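Subject: Structure handover

Hello,

Please find the structure below, for your use. My notes on it follow.

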Amino acid sequence: MTSSDSWQGGVVSLIGRAVSVQVPATTANLGPGFDTLGLALAKYDQLEVTVRSEPGVFVEVHGVGAGVVPTDESNLVVRAIIHTFNAVGQPMPGLDIVAHNVIPHGRGLGSSGAAIVSGIMAAKGLLEGIVDIDAEMLLVLATEMEGHPDNVAPALFGGLTIAWTTPEGPRHKKLMVHRGVKPLVFVPEQEMSTALARSLQPASVPHEDAVFNLSRSALLIAALIQSPELLLAATEDKLHQSYRAAAMPETNKLITLLRAAGFAAVVSGAGPSILVLASDPSQRLVAAELVASNSDTPWRALMLAVDVQGATVHPLTADNTAETAAETAA
């Protein structure tokens, strides 16, 4: 217990506890690895959560989503905190929450997964020393809310993740990406609904298409961890991108153009952002010039690193509160 903790009615009071959470953006599918493969990217949402003496939850949002996302208990971060407290049988305290968001919403970069993971990690930090929430439970809780583990696994654990489900719950394997792999993400102005993207998927696919994607998914693992020169062939897909193409025509047009020029370009998550897995930094500059000269609408090029740490939570102090504010302003 910290010095501010006290016993009330036989349970530890959390009043005064505060934590800082950081969660990376993610990109899922990576072409052929539909609902299985995910990659953490070095672009982070940050969260500060403080337990207050009064009941209720008060949310303040800065950056992406400010003035748009809910600031009451319907907020996805708050729902994730409540879900975690309920799951471990702890009473929900009053909270003050400050969110500093930079991950674009509705663009296929895991913003909803990041919000869910932020809330779960905040609950884990607040309950430190009271309830032990291990990595397996973190993934279970996040998957219960997200519906599938491909985005939440890399958000939680960083790196390249393979996620799958079993009768006992979701599982993951983290792999380290070859240092030559350099992600580039093109982000458009318009959003894409994940629900809409999923609704365009057929209930079944031809046997040969399934075999095609199995071979490319296996090859993609080898390309990402050992042989980046194979990325173009390894990112071919027949399971989902062609079915969704009509809903995001410019995304499809630019991916076709990039792949014809030799770049390993795929839809990032449900889209409409585009992920390019370059095999050296100079490729990213050429790809960015190609998109800038051939796009009909504005696209923001994000040259990112692979995040290897995943979500983190730390006790919040006056010093790191100021540091977070400075980073957000920058």
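Contact here means heavy atoms within 4.5 Å. By that criterion, Lys253, Leu254, Leu257 and Leu258 of helix H9 meet Ala287, Leu290, Val291 and Asn294 of helix H10. Sorted by class, the residues of this contact are six nonpolar, one polar and one charged.

Before the rest, a word on confidence. The model is predicted. Its mean pLDDT is 90, and 89% of the residues reach at least 70.

H9 spans residues 249-260 and H10 spans residues 281-294; they pack at an angle of about 135°, and their axes are 11 Å apart. Angles over 145 degrees would count as roughly antiparallel and 65 to 115 as roughly perpendicular, so H9 is oblique to H10. The crossing of H9 and H10 is right-handed.

An open sheet of four strands runs in the order E10-E11-E9-E12, and its pairing is antiparallel. Which strands stand at the edges? They are E10 (265-267) and E12 (299-303); each has a single partner strand, so one side of each is left without a neighbour in the sheet. From one strand to the next, the twist averages 25°.

Strand E9 (residues 182-188) is joined to E12 by five bridges, and the two run antiparallel. Within that pair, Val185 has Leu302 of E12 as its bridge partner. H9 packs on this sheet and touches E9, E10, E11 (274-278) and E12; the direction of H9 makes about 160° with that of E10.

The loop between E10 and E11 contains Pro272. The peptide bond from Gly271 to Pro272 is cis, with omega near 5°. If you set up calculations from this model, that is the bond I mean when I refer to the cis peptide.

Helix H1 (residues 76-87) packs against helix H2 (residues 111-126) at an angle of about 45°, with the axes 7 Å apart. H1 and H2 are therefore oblique to each other, and their crossing is right-handed. On the H1 side the contact is made by Leu76, Val77, Ala80, Ile81, Thr84 and Phe85. On the H2 side the residues are Ser112, Ala115, Ile116, Ser118, Gly119, Ile120, Ala122, Ala123 and Leu126. By class, this contact has eleven nonpolar and four polar residues, and no charged ones.

H2 also packs with helix H3 (residues 135-146), at an angle of about 140° and with the axes 10 Å apart. That makes H2 oblique to H3. H2 passes H3 in a right-handed crossing. From H2, the contact involves Ser112, Gly113, Ile116, Val117, Ile120, Met121 and Lys124. From H3, it involves Leu138, Leu141, Ala142, Met145 and Glu146. How many residues of each class are in the contact of H2 with H3? There are eight nonpolar, two polar and two charged residues.

Ser112, Ile116 and Ile120 of H2 are listed in the contact with H1 and also in the contact with H3.

A hairpin and a backbone angle

Strand E7 (residues 160-166) and strand E8 (residues 169-175) run antiparallel and are joined by seven bridges. The hairpin from E7 to E8 goes through two residues. In this pair, the bridge partner of Trp164 is Arg171 in E8.

One backbone value remains. Leu30 is not a glycine, yet it has a positive phi of about 55°. Leu30 lies in the loop between strand E3 (18-28) and strand E4 (37-52).

Regards

Conventions:
Residues are numbered from 1 along each chain as its sequence is written. This is a predicted model: local features need pLDDT of at least 70, side-chain atom pairs count only at pLDDT 80 or more; totals for chains, interfaces and linings use all residues. Side-chain values use heavy atoms; hydrogens and water are left out. Axes are lines fitted to C-alpha atoms, for helices over the stretch in contact, and angles run from 0 to 180 degrees between N-to-C directions. Angles under 35 degrees count as roughly parallel, over 145 as roughly antiparallel, 65 to 115 as roughly perpendicular and the rest as oblique. A crossing is left-handed if the near helix is turned anticlockwise from the far one by less than a right angle, and right-handed if clockwise. Ala, Val, Leu, Ile, Met, Phe, Trp, Tyr, Cys and Pro count as nonpolar, Asp, Glu, Lys and Arg as charged, and the others, Gly among them, as polar. pLDDT is the predictor's confidence in each residue, from 0 to 100. Two strands pair if DSSP finds at least two bridges between them.
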